[in-house]
Amino acid sequence: MNCQKMKNLFSPYIEGELRKEEKEKLELHLKGCPVCRKELSLLKAVVQEVKNLDEVVPPADFLLKINEKLDKRSFAHKFASIWDNLSHPLDLPVLTKSLVLAASILIILYVVVGPGQVYFSKSPSKSLISHPAGVIFNPASYSANPGRIAKSREAIEGLLTFVPSYPLSPETSKVLDYSSSPDWNTPAAIGKARKAACL
Amino acid sequence: MALAYQPANDALGYEERQLVKRCQAGDRRAFDEIICRYQKKVINLAYHILGNYTEALDLAQDTFIKVYVSIKKYRGQASFYTWVYRITVNLCKNKLKYRKRRGYYKKRSLDEPLELKEGSLKLDLPADSPGPREALAEKEKRETIRQAIDFLEESHRMVLILRDREMFSYEEIAAVLKCEIGTVKSRLHRARQMLKEKLEGIL
């Protein structure tokens with residue numbers, strides 16, 4: 001009788017899963033083989049030791065801590081869902097959403113600071129915000145540096161392409177209606193600026 | 001074979017299904033009830049797989065948060081308890097992988113003399129308690145068994161703990177680990193053999 005073959009039966013033997021003839025064969029072998037008897041008792045001891053591994057108890061505040069985590073999570077979740085709902089019609093990926101947000105902030109900033117100070121400053125160096133987009137609307141720089149104008153226009157067009165489907169609010173249209181400004185007096189530049197703003 | 005954790009009768013099964021439904025509808029009290037029912041089992045399972053109480057508590061918390069977040073996706077295709085334990089086991093697997101990457105197992109070897117925190121052991125044993133020497137020996141033995149289990153390969157360790165410590169049936173283990181019953185049996189046999197080889201001089 002091969003001891004190695006018998007060893008493979010030990011685990012199912014402990015589980016009580018051996019067929020009758022297999023079980024009898026093994027028990028017969030065990031009677032005559034002290035090595036296998038020792039092996040089997042050792043294996044039984046191992047199983048018993050694993051069974052006896054100490055049981056741990058949950059701490060008293062376990063439930064409380066999970067609830068705290070869930071509360072924090074649900075706050076963040078609510079914020080995320082508001083943001084999702086806002087941008088739902090566009091259904092854009094996260095990166096694009098962030099760019100849209102950045103573009104909106106820039107536009108709002110321009111609106112708040114006011115076109116008089118940014119768009120229509122006589123000299124770019126005196127602008128409150130020295131952003132290239134601000135220079136587009138400076139009539140002086142139009143004649144002085146056409147290359148720079150084209151570059152700046154590209155920049156603002158790039159920003160504005162992310163919000164194409166949103167109609168402009170009346171307030172924004174008003175602000176963007178540069179023709180009403182007394183300082184604005186070059187009709188060709190008006191057309192360009194409008195086009196740039198609406199693209 | 002009787003399943004170890006399946007609710008004993010239909011009434012209990014029905015109650016649990018109602019609980020899950022309420023939880024799916026966003027009822028946090030129903031979720032509290034689910035936590036109370038499963039916390040001990042989940043913590044113990046994580047503790048015996050990871051061998052560290054603090055890590056097991058963190059993992060159990062993550063398990064319940066994951067259960068809460070994804071309970072709407074649970075469609076009743078597997079028993080709920082199997083689903084909960086599968087989440088626990090999967091998080092344990094991730095944790096073990098993370099440890100492996102961080103070289104957690106390279107620092108220790110069973111051949112080296114057992115390093116125990118003597119101070120903590122002595123603190124636990126009052127001088128006049130009966131048989132402090134035996135208690136110390138018992139504690140050292142447990143620690144050695146613990147370390148030997150730590151050395152088992154992940155798949156073997158899972159089956160060994162689920163079967164011999166947590167007393168799951170083969171069917172339950174196969175459902176939790178998503179594998180065949182035959183695989184469970186062979187892994188269990190292999191795990192016991194390996195553990196026996198490691199503990200030969202101690203038991």
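Predicted model: local features only at pLDDT ≥ 70, side-chain atom pairs only at ≥ 80, totals over all residues.

Me: Happy with that. Why is the pair B:Tyr47 and B:Tyr53 called edge-to-face?

Reply: Rings of Phe, Tyr and Trp (its six-membered ring) pair if their centres lie within 6.5 Å; planes under 30 degrees apart are stacked, over 60 edge-to-face, and the rest tilted. B:Tyr47 and B:Tyr53 have 6.4 Å between centres and 80° between planes, so the pair passes the distance rule and the angle makes it edge-to-face.

Me: And what makes B:Tyr47 buried but B:Tyr53 partly exposed?

Reply: Buried means under 20% relative accessible area, exposed over 50%, and partly exposed in between (1.4 Å probe, protein chains only). B:Tyr47 has 12%, so it is buried; B:Tyr53 has 31%, so it is partly exposed.

Me: What kind of pair do B:Phe80 and B:Trp83 form?

Reply: A tilted one, with 5.7 Å centre to centre and 35° between the planes.

Me: How far apart are B:Phe80 and B:Trp83 along helix α4 of chain B?

Reply: They are 3 residues apart in α4 (residues 80-101), so about one helical turn separates them. Helices (H or I, at least four residues) and strands (E, at least two) are DSSP runs, numbered from the N terminus.

Me: How do you know that the span of α4(B) agrees with expectation?

Reply: The expected span is 1.5 Å times one less than the number of residues. For the 22 residues of α4(B) that gives 32 Å, and the end C-alpha atoms are 32 Å apart, so the two agree.

Me: Why do A:Glu15 and B:Arg163 count as a salt bridge?

Reply: The rule asks for a side-chain nitrogen of Lys or Arg within 4 Å of a carboxyl oxygen of Asp or Glu. A:Glu15 and B:Arg163 come to 2.4 Å, N to O, so they qualify. The pair crosses between chains, from α1 (residues 3-15) of chain A to α7 (residues 154-165) of chain B. A:Glu15 is buried at 17%, and B:Arg163 is buried at 13%.

Me: What about A:Lys69 and B:Asp62?

Reply: Their 3.9 Å, N to O, is within the 4 Å limit, so this is a salt bridge too. A:Lys69 lies in α4 (residues 62-86) of chain A and B:Asp62 in α3 (residues 53-70) of chain B, so the pair joins two chains. A:Lys69, at 36%, is partly exposed, as is B:Asp62, at 38%.

Me: Last one: what makes B:Arg163 sit over the ring of B:Tyr170?

Reply: NZ of Lys or CZ of Arg must be within 6 Å of the ring centre and within 35 degrees of the ring normal. The charged end of B:Arg163 is 5.0 Å from the centre of the B:Tyr170 ring and is listed as sitting over it.

Note on methods
Residues numbered from 1 in each chain as written. Chains lettered and ligands numbered in written order. Heavy atoms only, no water.
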